[in-house]
Every structure is written in C-alpha cells, then in structure tokens.
Amino acid sequence: MSLLRYTLRRFAQAIPVLIGIVTITFFLANQIPGDPVEIMLGPTPAQEQVEAIRARYGLDRPIYVRYFTYLSGVATGDLGLSIYYDRPVLEMIMLRLPVTLLLMLSAFAFAIVTAIPLGVISAKRRNEPADHVSRIVSLIGVSTPSFWIGLVLIIVFAFYLGWFPARGLVLPWANPADVRGAATQLEVLRQSAHHLFLPMIALGTLQMAQITRIERSSMVDSLQGEYVKLARAYGVPESTIVRKHAFQVAQLPVITIIGLGLSTALGGAVLTETVFEIQGMGRLIITAINNQDYELIMGTTLVFGVVYVVGVILTDITYSYLDPRVTYGED
Amino acid sequence: MSINSATSDDDTPDGDDESGGPDEVEARVGLRYTLKQVRQDTTARIGTYIVGLMTFVAVFAAFDYYILDYAIAEAVLYNPETDPDQVRRLLPPVGMENQFGQGVLEHPLGTDHRGRDLLSRTIYGTRIAMTVGFLATAIGLGGGTVIGAVSGYYGGWIDDVLQRVTETIYAIPFLVLVIAFMTAFGRDLTFAMIGVGITAIPVFNRLIRSRVVSIREEDYVEAARAAGVKDRNIIFRHIIPNSFAPVLVQATLQVGVSILIVAGLSFLGFGAQPPTPSWGQMLSASRGYMLPAPTFSIFPGIAILITVIGFNILGDGLQDALDPRINN
Amino acid sequence: MSEPLLSVRDLKTQFFTEDGTVRAVDGISFDVNEGEIVGLVGESGAGKSVATSSILRLVDSPGEIVGGEIEFKGETIFGLEADDDGELRPRDEMLTEEEMRKQIRGREIAIIFQDPMESLNPVFTVGGQLREFIEINRGLDPDEAKAEAIDMLREVGIPAPESRYDEYPHQFSGGMRQRVLIAMALACQPDLIIADEPTTALDVTVEGEILEMVTDLQEKYGTSFIWVTHDMSVVAEICDRVNVMYLGEIIEQAEVDDLFYDTKHPYTSALLDSMPRPDRTVDELRPIEGVMPEAIDPPSGCRFHSRCPEAREVCREVHPEPRDLSEEGEALHTAACVKHDAFDVGYDESPPIDTQATGGFSAGFTETGGEAE
C-alpha cells in the first residue's frame with residue numbers, strides 16, 4: 001500500500017475517535033451547572049427574552065436531539081454559536097488556532113533542535129562530564145512546571161534585563177499597519193520572533209528534556225548495535241557512524257515520544273498562554289469555561305482533540321517513512 | 001452519564017479488594033527485592049530520601065491541619081492561612097530588599113500579598129501536592145489495571161471497546177480534559193484528583209494490557225487455566241503480581257506528573273481554593289506581583305521542582321535497579 | 001614457507017571489570033598463511049571472538065589489548081616496547097587508529113559476524129550498505145561501487161540481485177542476509193576474512209550451502225580465512241589448519257587431519273567425542289563434563305585439569321606452554337599437555353586426581369553427601 005493510501009486510512013481510522021471526543025465533550029459540557037442564558041441576561045430576565053435566546057441557541061430541545069444536531073453540525077463544519085462572543089464558534093477558533101499552532105510549532109522546533117544534539121553528545125560521551133550536565137539539565141526540565149519557567153523567564157529576561165517583552169504575541173503574517181511600531185513586514189517578523197522567544201522556551205523546555213532523555217538512551221542502544229560494530233570493522237569513520245549509521249535507527253523512538261509529547265504540550269499551551277497573556281486557544285477555552293459558553297467549550301475541546309489526533313497521525317507517517325520495517329498493509 | 005467516572009468510581013474499590021490478598025503475597029517478595037536493589041543504587045537512594053522527606057512533611061502538615069488546626073504552625077512559625085497583622089505585605093526573603101521593605105528574620109522567605117509567611121505556606125502546601133499526587137496515581141493505577149487486565153485477558157470485542165474508549169480519552173490533551181471535567185463536576189480539589197487520575201488510566205491500561213497479553217500465553221497461566229482456576233483469580237493472582245516492577249516504576253513517575261498537572265490546574269484556578277496553601281495557587285497569586293516582589297514567584301516553584309525531581313530520580317533508579325525483571 | 005600473512009604472538013586481551021580482571025585472551029600465538037582457512041575452535045567463552053576483534057583492534061571498553069604482537073603483511077597492528085623507565089608503550093611502527101581504519105579494517109581484513117539478523121542496519125537498503133563499504137574500501141565512485149555490489153550479490157547466490165539491491169534487510173531471510181555479509185567481506189577484496197561463527201545462527205541445510213559457497217569462492221579469490229566456530233564438523237569441512245582454544249589459551253594446533261586422527265590434547269579429544277562423526281561409530285556421544293571455569297579466576301596449572309579425564313597431580317601445578325610435538329618431516333603440531341614426553345615434568349609418576357571428568361567426588365553431589373553423614 002502506498003504512503004498516500006496509508007495516510008488516508010489513518011485519517012479514516014481517526015473518525016471514531018473524533019466522534020468519541022465530540023460525545024465526551026458534549027455530555028461533559030451539558031453536565032455543567034448553571035444557565036448560560038442567565039449569565040448572559042442577568043438574574044431576572046424577561047420570560048420571552050429567555051425563550052427567544054433559548055430557541056436561538058437550540059437550548060429548548062431535548063438533549064439527545066441537541067446531541068445529534070451538534071454531531072451533524074460538526075460533520076459539516078458548523079460548531080455552533082458562541083454565546084459569550086456572539087459569533088460562530090468556528091470563527092473564533094480560526095482566529096485563535098494559528099496563534100496556538102505557532103506557539104506549539106516553535107516550541108517543538110526549539111525542543112528538537114536543542115535536544116537532538118544534546119542527546120547524541122550525551123550518548124557518545126556516556127558518563128563523561130558532558131553527559132552528566134545534559135542529564136541533569138533534562139532531569140530538571142522534566143521536573144519543572146512550564147508555567148513556573150514562564151514566570152521565572154519573565155522576571156529575569158523581561159523585567160530585570162528587559163531583553164524580551166513580558167506579554168502578548170505578534171503574528172508574523174500580521175499586517176504592519178496593525179502592529180504598533182512596525183512599518184514593514186520585516187519589522188513585524190522581528191517583533192513576532194521577539195515576542196515568541198520566551199513563551200517558546202517555557203513551553204518547549206519539557207519537550208526538550210523528554211526528547212533529550214529518549215535520544216540519549218536510544219543512541220546508547222544504537223551505538224552498541226551489531227550494525228555499528230560492522231561499520232567500524234569496515235573502516236567507516238566514527239563521525240559517519242554517529243551521524244548516519246547509529247543516528248538514523250535511534251530516531252524511531254524519538255518520533256514516538258514527540259507524538260506523545262503533543263498532548264502534554266497542548267495542555268502546556270493553555271498554561272503558557274495564561275502566563276504570557278497570549279490570546280490563543282488556551283485562553284479561549286478558559287474564557288469559554290469561565291462564562292459557561294457550552295458550544296465554545298465543546299468546539300475548543302474538540303479542536304484540541306483534532307490537533308492532537310492529526311499530530312499523532314503525522315508522527316506515525318513520519319515513523320513509517322523512516323522505518324522500512326513498517327508495512328502499510330496491516331494496522 | 002460520563003464514561004470516565006463510571007469506570008474509576010465503581011471498579012476501583014472492587015479491583016483493590018480482589019487483589020488485596022494474593023497481590024500482597026507476591027508483592028512482598030517483589031518489595032523486598034526492590035528495597036535491596038534500591039539500597040544499592042545511589043540515584044534511587046537520593047530519590048528515596050527526597051520522597052521520604054516530602055512525604056514526612058506532608059503527613060506532618062496534614063496532622064497539624066486536620067487534628068491540631070495549625071497549632072504547631074502557629075507555635076513555631078505562622079498560620080499558613082491567616083495573618084492577623086496584614087502590615088508586612090510582600091516582604092522579600094531575609095537579607096534582601098524590595099520596594100515593600102527589608103526582609104526580616106521572622107519571615108525567612110518573605111511574605112505573600114496578604115502578609116502571610118511564605119515559608120509556612122510553602123511547607124503546608126506539601127500536603128496538597130503529595131495527597132493529590134498519590135491519590136490521583138492510585139486512581140489511575142486502579143482503573144488502568146482493571147481495564148488493562150480485563151482487556152488483555154479476554155481480548156476480542158471487550159478489548160476493542162475498552163481500548164477505543166481509553167484511546168478516545170487519551171486523544172483529548174489531558175489538561176484540557178481535566179479542565180472540562182472539573183467544569184462539569186466541580187472546581188475543587190477532589191475533582192482535580194479524580195480528573196488527573198482519569199488521565200492516568202490510559203498509561204497504566206497500556207502497560208498492564210501489554211503485560212497481560214504476553215503473560216497470558218505463559219505456561220503457568222495455561223496450567224492454572226487448565227486446572228480450572230477462575231479467570232478472575234488468574235488475573236489477580238498470577239498476572240498482576242508479575243507486572244509489579246514496571247508498574248511500580250510507572251506509578252512513581254506518575255506521582256511526579258500528577259503533581260505537575262495539579263499545580264498547573266491550581267495555577268489556572270482549578271483545584272485547591274484559597275486560602276488553603278497550595279503551590280500552584282501561590283504561583284498564580286504571585287503573577288500580579290512579579291515586578292515588585294519577584295521572590296514571591298520563586299519558592300513555591302522550587303518546592304514543586306524538588307518534589308518532582310525526587311519522584312523522577314526514584315522512578316529512574318527503580319527502573320535501573322529492576323531492569324533485569326522488567327526485561328524478562 | 002614464506003612469511004605468514006598474519007602472525008599473532010603471545011596476544012593478551014583483558015577486560016577490567018568491577019569484579020576483577022578478566023583474562024579473555026591470555027597469550028595466544030598463531031599464524032595465517034596466504035590462501036589458507038585457519039580454524040579457531042572452542043566452547044563459548046573461550047575467548048575466540050575477543051581474539052578476532054583484537055586482530056582488528058576493535059575490543060570494546062572495558063577490554064584492552066595488554067600485550068603481545070600482531071603483524072599483518074609486515075605492518076605492526078599491535079606491538080609494545082619498554083621505554084627508558086621500563087614503562088610499556090606502543091612501538092613507533094604500530095599503526096595509528098587512523099591507519100587501522102583506513103588501511104586495515106575492511107580493506108585488508110574484513111569480518112563476517114555471527115548474527116546476520118542484527119548485523120545489517122535495518123533502516124538502510126542492503127545494496128546501499130554494501131555500496132558504502134565498497135566505496136570506502138576500494139575507492140570506487142558510487143556507480144562503479146553499485147555495479148560491483150550487484151555483481152557480488154550475484155556471486156554469493158542471491159537471485160535477481162538488481163532488484164534485491166534496493167530492498168531492506170528485513171525482506172531477506174537469515175541465510176540470505178548471511179550471504180550479503182559474505183558478499184560485503186569479499187567485495188572489499190581483503191587478503192584476510194575473519195568469519196566469526198557465521199553459520200551458527202542458521203539451520204543446517206543453509207549452513208551446508210554457505211560452507212560450500214565459501215569454499216568455492218575462497219578457491220576463486222585466494223582469500224585467507226580465520227574461521228571461528230565451536231563446531232568440529234564445520235572445522236572438518238572447511239579448515240586447513242585448526243587452533244583449539246580453551247579459557248583464553250590455544251591448547252592445540254595442527255593441520256586438520258592431524259588434529260582429527262592424531263589428537264594430542266585431552267580437551268580436543270573431548271570436543272571430538274562430544275560430536276557425531278561420520279567416520280566413526282560410537283555407542284553414545286560423550287559430552288564434556290562440567291562447565292568452563294570463569295576466565296576471571298582460571299584454575300592453577302593446566303586450565304583444563306578440573307575437567308580433564310586424564311588429570312594428574314602435576315597438572316594442578318605445572319602450567320604447560322604449547323610445544324611442537326610433530327615427528328620429523330611432519331607438519332607442525334603443537335599441544336599444551338604435560339602427558340606428552342616432550343614436557344618431562346613427571347606426569348607418569350604423578351598420582352591421578354579426582355575431577356568432574358574422572359568420576360571422583362563431585363560426580364554425584366547427593367551420593368557423597370549421603371556417605372558423609
């Protein structure tokens with residue numbers, strides 16, 4: 001089976017999971033105590049006003065009808081209306097999702113770029129000082145709450161040193177006219193990078209630490225492999241052995257860990273956005289919850305699930321691309 | 001209503017009762033072996049010291065809180081929840097100075113935004129962190145063990161259904177899942193614990209299931225089945241005790257993870273509510289004072305860091321110490 | 001005969017572990033002449049593999065070559081000398097690590113490992129791996145190397161080599177992978193190939209095919225082999241000369257026929273008795289009694305005395321060095337056993353001792369236990 005068909009099949013297989021996510025979030029959201037209409041209109045609204053609102057948001061129908069209506073809506077890309085923002089949920093998500101994706105991608109880029117060399121050096125110089133340093137760094141990395149790293153970074157690099165802004169984010173593709181102090185797209189980009197730097201490190205540190213640990217142990221295994229001995233016995237230079245022969249095999253578990261790390265990182269994004277006051281998906285779901293905006297809660301949770309599922313499928317595909325032993329035939 | 005609560009609430013106590021007896025016989029053998037290995041491994045020993053110290057502090061704090069109503073805290077330090085003289089707001093640690101004044105010896109780590117002693121609050125915050133860490137892990141372990149064992153042992157459609165459900169739970173990023181769960185059922189600590197426990201179910205489920213699938217075909221399990229031993233007894237007498245080592249390692253690491261998640265939840269306002277001292281919520285409160293009183297943000301974070309490091313190196317040490325058994 | 005291709009003298013390789021020093025190879029000497037297949041035989045743990053990796057200077061940490069001399073085609077692979085203070089240091093003419101890698105490994109001495117399943121890298125194509133080694137060791141450009149690789153795959157009996165060139169190791173069977181490894185070794189056109197138990201992991205029919213193929217190719221290319229094995233029947237089939245190793249020492253070496261029909265060392269006899277032979281009918285096979293002691297703490301005197309059916313008191317005390325026991329006009333045949341007159345240490349007068357093999361005290365633990373009480 002080709003890679004394309006494998007990809008399509010993986011997405012098809014994800015559909016039941018997505019329906020499951022919709023179901024879980026729908027019933028969780030409907031479990032929420034309190035009345036959104038009340039929050040919207042105050043404690044003593046006029047009766048006809050309440051009914052009009054209920055009818056508009058479909059709250060007057062029984063729960064199973066609402067469930068199936070919602071489900072079919074999701075299938076056609078209609079995630080309902082946000083009561084709080086009084087706009088379609090999808091519109092709000094489209095506004096916020098790029099921010100979170102940008103944050104996630106830069107955090108993972110930072111993590112991968114730092115962790116892979118660190119892990120490789122650590123494995124290559126096992127039990128030497130460089131290894132000890134890298135192991136201690138990664139131990140601290142997996143043990144530190146990301147939001148606290150954020151706070152410390154703000155205190156040190158924003159307040160004391162003044163190198164980076166403490167809050168907010170500028171999107172690199174934003175119109176220069178909308179960005180204060182930016183006349184050209186290049187300046188927008190510069191501001192964007194400037195704003196992104198601290199949140200990226202706060203969110204990426206945990207991933208960096210986890211990838212370093214796996215990279216190290218995987219490289220240690222790989223460097224002891226028979227194929228490495230064979231390459232040595234055939235006069236392959238040690239640097240080629242590390243960079244090619246041992247490295248490529250060692251990346252397979254790393255890819256798996258990156259996929260699993262997506263879940264942690266998405267949760268971490270909620271915290272990081274809170275710390276740095278970034279208006280992304282994380283803040284959106286917190287706003288939705290604080291205002292009991294059912295459809296927005298469901299929509300954002302679903303999108304978090306979709307992002308994770310898509311991420312996992314992408315890592316699976318990368319894995320199957322790198323490991324020739326994966327056949328596309330079975331599971 | 002919710003799949004989540006049904007599995008954990010109903011099945012966990014049941015599962016524990018079943019496994020209590022036979023589990024212990026085998027586990028004691030495993031435990032003695034484990035202790036011996038841990039004693040020989042330096043990292044594991046350091047981890048044990050940290051975890052032991054934190055557990056001791058947590059038990060002490062719980063005792064002082066539940067039984068003595070902070071009598072010891074007031075006698076030795078300060079009451080972590082109230083401060084009668086709210087004058088000394090946001091003092092820095094002793095020897096340092098900020099715009100609110102000079103640090104004083106009575107408040108070695110300074111005070112928070114309401115003038116409460118930070119050292120006292122940090123110490124008493126241990127109680128929440130450790131309780132949540134252990135209980136959430138226990139919920140995840142109990143639920144995951146039952147689901148994983150049943151799923152792996154019976155296979156077929158039972159396996160399919162259970163695995164699809166856990167897979168779905170796993171597909172929602174867990175912080176988001178817990179937030180949604182707590183929004184639906186309650187924002188307090190109990191639901192934080194249950195919620196975090198539920199997110200740990202898939203981890204243990206996966207571990208136990210893969211063990212069960214491989215052990216199921218072993219000769220002694222076949223023999224037990226041929227001899228007419230009940231399925232339930234095979235699972236709990238033979239299969240689960242045999243997974244002792246990897247589960248112990250995973251559970252140790254999971255306590256650290258749970259402490260991190262609950263700290264994150266408290267930071268967002270879900271979990272222990274003020275004035276109960278909890279590290280995440282202290283950090284949340286400190287956000288407003290990062291510029292004038294930066295040290296307020298430092299100490300609770302260091303407390304989290306040290307505790308989680310303790311569990312992580314204990315877990316890593318256990319992994320190394322028990323490796324031959326795990327590889328079996 | 002002219003200079004041997006490879007000459008190993010008094011080679012010592014030790015592993016420095018927490019529990020003590022393991023003398024894995026403890027003073028072995030042997031030669032390999034041009035065009036010869038030399039066997040290195042012994043039980044697992046005898047130090048065969050350590051000996052071969054020492055020849056390539058690829059002993060893994062914590063192991064280290066601590067003494068002896070390895071000469072290959074006039075080059076010094078390993079050799080020490082004492083400096084002014086009496087400290088041992090590498091000789092000036094000893095090849096550097098860089099020279100070993102560029103001139104010797106692969107190019108002059110190639111190796112075939114035991115486990116064909118693990119020896120090929122799972123994420124690269126078989127052809128790619130073969131081509132890489134050919135490029136490195138023969139200085140060919142990629143296209144030439146690829147053509148050479150395909151020729152070599154055909155040579156070792158892989159059907160449709162053009163298409164299999166692009167396949168991955170997991171798509172090959174064990175026997176096919178071993179053929180690929182042999183192709184790798186031959187394709188680099190070395191003068192010596194070390195085959196480290198290459199057929200042990202394969203089933204008997206595949207083993208037979210591969211041995212036959214190697215014999216043919218060896219004749220065609222004239223390459224010398226060191227064939228490491230624990231299987232005397234493989235030795236009989238393929239080797240010209242044989243070295244028998246026990247606990248880090250070579251205890252007998254001879255031409256293959258002499259070894260089989262004029263066995264001089266009790267250990268070799270025991271090895272031969274423990275395997276079925278087409279030329280003899282025996283009632284039952286006799287396995288060697290006991291297990292090989294640890295190389296970390298070898299027995300005193302003759303290392304085999306604890307398991308030797310012919311052991312005498314003197315064997316416990318005298319450590320025999322191998323001596324030439326051949327008659328006038330015969331090929332060299334050395335053995336390290338004091339029962340031969342050449343040693344003259346009073347073996348005949350020495351009283352026999354009880355060992356595991358002579359049926360003494362340790363033959364049945366419960367039995368003697370019963371008697372004692």
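This is a predicted model: local features need pLDDT of at least 70, side-chain atom pairs count only at pLDDT 80 or more; totals for chains, interfaces and linings use all residues.
Two strands count as paired if DSSP finds at least two bridges between them.

**The hairpin in chain C**
- Strand 1 (residues 6-17) and strand 2 (residues 20-32) of chain C run antiparallel and pair over nine bridges.
- Going from strand 1 to strand 2 of chain C takes a hairpin of two residues.
- One pair to click on: Phe16(C) sits opposite Thr21(C), which belongs to strand 2 of chain C.

**The annotated domain in chain C**
- An unreviewed UniProt entry puts the feature "domain: ABC transporter" at residues 6-272 of chain C.
- Over residues 6-272 of chain C you get 39% helix and 30% strand.
- The end C-alpha atoms of that stretch of chain C are 27 Å apart.

**Where chain A meets chain B**
- On the chain A side, 38 residues are in contact with 36 residues of chain B.
- Helices that put two or more residues into chain A's side of this contact are helix 1 (3-31), helix 6 (129-143), helix 7 (146-160), helix 10 (238-276), helix 11 (281-290) and helix 12 (294-322) of chain A.
- Helix 1 of chain A supplies the largest share of that side, at nine residues.
- By residue type, the side of chain A that touches chain B splits into 28 nonpolar, ten polar and no charged.

**Where chain A meets chain C**
- This contact draws 18 residues from chain A and 23 residues from chain C.
- Two or more residues each come from helix 9 (226-233) and helix 10 of chain A on the side that touches chain C.
- Helix 9 of chain A has the largest share of that side, with six residues.

**Helix 5 against helix 6 in chain A**
- The axes of helix 5 (residues 89-124) and helix 6 of chain A come within 8 Å and cross at roughly 135°.
- Angles over 145 degrees would count as roughly antiparallel, so helix 5 and helix 6 of chain A are oblique to each other.
- Handedness, if you're tracking it: the crossing of helix 5 and helix 6 of chain A is left-handed.
- From helix 5 of chain A, Leu118(A), Ile121(A) and Ser122(A) meet Ala130(A), Asp131(A), Ser134(A) and Arg135(A) of helix 6.
- Sorted by type, the residues in this contact of helix 5 with helix 6 of chain A are three nonpolar, two polar and two charged.

Notes. Residues are numbered from 1 along each chain as its sequence is written. Chains are lettered from A and ligands numbered from 1 in the order in which they are written. Two residues are in contact if their C-beta atoms, placed from the backbone, lie within 7 Å. Helices (H or I, at least four residues) and strands (E, at least two) are DSSP runs, numbered from the N terminus. Ala, Val, Leu, Ile, Met, Phe, Trp, Tyr, Cys and Pro count as nonpolar, Asp, Glu, Lys and Arg as charged, and the others, Gly among them, as polar. UniProt positions are given in the numbering used here, feature names are shortened, and annotations may be inferred rather than shown by experiment. Axes are lines fitted to C-alpha atoms, for helices over the stretch in contact, and angles run from 0 to 180 degrees between N-to-C directions. Angles under 35 degrees count as roughly parallel, over 145 as roughly antiparallel, 65 to 115 as roughly perpendicular and the rest as oblique. A crossing is left-handed if the near helix is turned anticlockwise from the far one by less than a right angle, and right-handed if clockwise.
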